[in-house]
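Welcome! Take a moment to turn the model around on your screen, and then we will walk through it together.

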Amino acid sequence: MILRRIFQRRTEAQPELEEGLKKTRRGIFADITALFDRSDIDEELFEDLEALLIQADLGVDTTMDVVEALREDIRRERITDPAIARTYLRDEMVKLLENATKNRKVKIFQRGVPFVILVVGVNGTGKTTTIAKLANFHKSRGRNVMLVAGDTFRAAAIDQLKVWGERVNVPVIAHGPGADPGAVVFDGMQAAHNRNVDILIVDTAGRLHTK
Ligand SMILES: Nc1nc2c(ncn2[C@@H]2O[C@H](COP(=O)(O)OP(=O)(O)OP(=O)(O)O)[C@@H](O)[C@H]2O)c(=O)[nH]1
Ligand SMILES: [Mg+2]
């Protein structure tokens, strides 16, 4: 029922979609915390949580799994306090991430052979910031890191990546705004090979999954 309402809204009016993405930007965690600031665990809580997670682009299947797991926790542990229920939700979400990263035995470190990380995702969800964190992580482990400014679409995206490059002290390969992203990545790959780069991280322009 609630799903139908959300999808109807989304297909009818684009501003609603924009609104939903704004929510992701503002920080889903603040909204979720506010949701549990109530006196009882009732059906409305689960429905609102479901809507919030879907609007935050968690995906329908994952949202259903998380909400169902939370219902099960609450039933099993006989939880009546919403604040405690929230900590169980947190644990379920952490579990989700742990399962997603388990068994990913990628051999990331082969000296001089660029391991390419292409970072893609919805607008404003933290791609560029995460690239800086990844760059810092690998650099701190003695790896030779290089960044590629593949987001040539958004004004200031290139400068943003360059600032991060300076902060974490790794080189950034960039062309001008509006340049062909493929050409920038090509240059990045060549530079990475020439300079024995271990980890090459490519920033890309944000995309809505509906476009
Ligand atoms: N609280 C919080 N804010 C974050 C985090 N990562 C990024 N942000 C903020 O979210 C905003 C968008 O981050 P970006 O890294 O520019 O996101 P992006 O996906 O590269 O955005 P586009 O390139 O426009 O698609 C910035 O204001 C960041 O400071 C995070 O882990 N926590
Ligand atoms: Mg970005």
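This is a predicted model: local features need pLDDT of at least 70, side-chain atom pairs count only at pLDDT 80 or more; totals for chains, interfaces and linings use all residues.

## Threonine 204 and its contacts

Leaving out residues up to four places away in sequence, threonine 204 touches Leu118, Val119, Val120, Lys127, Gly150 and Asp151. You will find threonine 204 in the segment after E4. Is threonine 204 buried or exposed? Its relative accessible area is 15%, and since the cut-off for buried is under 20%, threonine 204 counts as buried.

One of these contacts can be given in more detail. A polar atom of the threonine 204 side chain lies 2.6 Å from the backbone oxygen of valine 119. Valine 119 belongs to strand E1, which covers residues 115–119.

## The sheet

Now look at the strands. How many strands form the open sheet, and in what order? There are 4, arranged as E1-E4-E2-E3, with parallel pairing. E1 and E3 stand at the edges with a single partner strand each, so one side of each has no neighbour in the sheet.

Let's go through the pairs. E1 and E4 run parallel and are joined by 5 bridges; here leucine 118 stands opposite valine 202 of E4. Strand E2 (residues 145–149) also pairs with E4 in the parallel sense, over 5 bridges. In that pairing, valine 148 has valine 202 as its bridge partner in E4. E2 and E3 pair over 2 bridges, again in the parallel sense, and the bridge partner of valine 148 in E3 is isoleucine 173.

## Inside strand E4

Why is strand E4 described as largely enclosed by the rest of the structure? The reason is that 5 of the 5 residues of E4 (residues 199–203) are buried.

You can check this on both faces of the strand. On one side of E4 are Ile199, Ile201 and Asp203, and on the other are Leu200 and Val202; all of them are buried, which leaves both faces covered.

## Around ligand 1

Next, find ligand 1. Which residues surround ligand 1? The shell consists of Asn123, Gly124, Thr125, Gly126, Lys127, Thr128, Thr129, Lys133, Asp151, Arg154, Gln160 and Gly206. By type, these residues divide into 8 polar, 4 charged and no nonpolar. Helix H7 (residues 127–140) gives the most to this shell, with 4 residues.

Several side chains place a polar atom beside an oxygen atom of ligand 1. For threonine 129 the distance is 2.5 Å, for lysine 127 it is 2.8 Å, and for arginine 154 it is 3.0 Å. On its own, ligand 1 has 650 Å² of accessible area, and the protein covers 55% of that.

## Threonine 128 in helix H7

Threonine 128 is part of the shell around ligand 1 and is found in helix H7. With a relative accessible area of 8%, threonine 128 is buried.

What does threonine 128 contact beyond its neighbours within four places in sequence? The residues are Gln160, Leu161, Trp164 and Asp203.

## Two loop residues with positive phi

Here is a backbone detail to look for. Most residues other than glycine have a negative phi. Alanine 156 is not a glycine, yet has a positive phi of about 80°. Alanine 156 is in the loop between E2 and helix H8 (157–168), and at 52% relative accessibility it counts as exposed.

Asparagine 169 is not a glycine either, and its phi is positive at about 60°. The place of asparagine 169 is the loop between H8 and strand E3 (172–173). Asparagine 169 counts as exposed, with a relative accessibility of 55%.

## The chain as a whole

Finally, step back. The protein chain has 9 helices and 4 strands. Starting at the N terminus, its elements run α-α-α-α-α-α-β-α-β-α-β-α-β.

Of the 211 residues in the chain, 36% count as buried. The chain exposes about 12,700 Å², and carbon and sulfur atoms supply 52% of that area. Among contacts with a separation of 6 or more, 68% come from residues 24 or more positions apart.

Methods:
Residues are numbered from 1 along each chain as its sequence is written. Chains are lettered from A and ligands numbered from 1 in the order in which they are written. Side-chain values use heavy atoms; hydrogens and water are left out. A residue is near a molecule or strand if one of its heavy atoms lies within 4 Å of it. A polar contact is a pair of N or O atoms within 3.5 Å; within protein, one must be able to donate a hydrogen and the other to accept it, and residues adjacent in sequence count only if both atoms are side-chain atoms. Accessible areas come from the Shrake-Rupley method with a 1.4 Å probe; for residues, only the protein chains shown count as cover. Ala, Val, Leu, Ile, Met, Phe, Trp, Tyr, Cys and Pro count as nonpolar, Asp, Glu, Lys and Arg as charged, and the others, Gly among them, as polar. Buried means under 20% relative accessible area, exposed over 50%, partly exposed in between (1.4 Å probe, protein chains only). Two strands pair if DSSP finds at least two bridges between them. Contact means heavy atoms within 4.5 Å.
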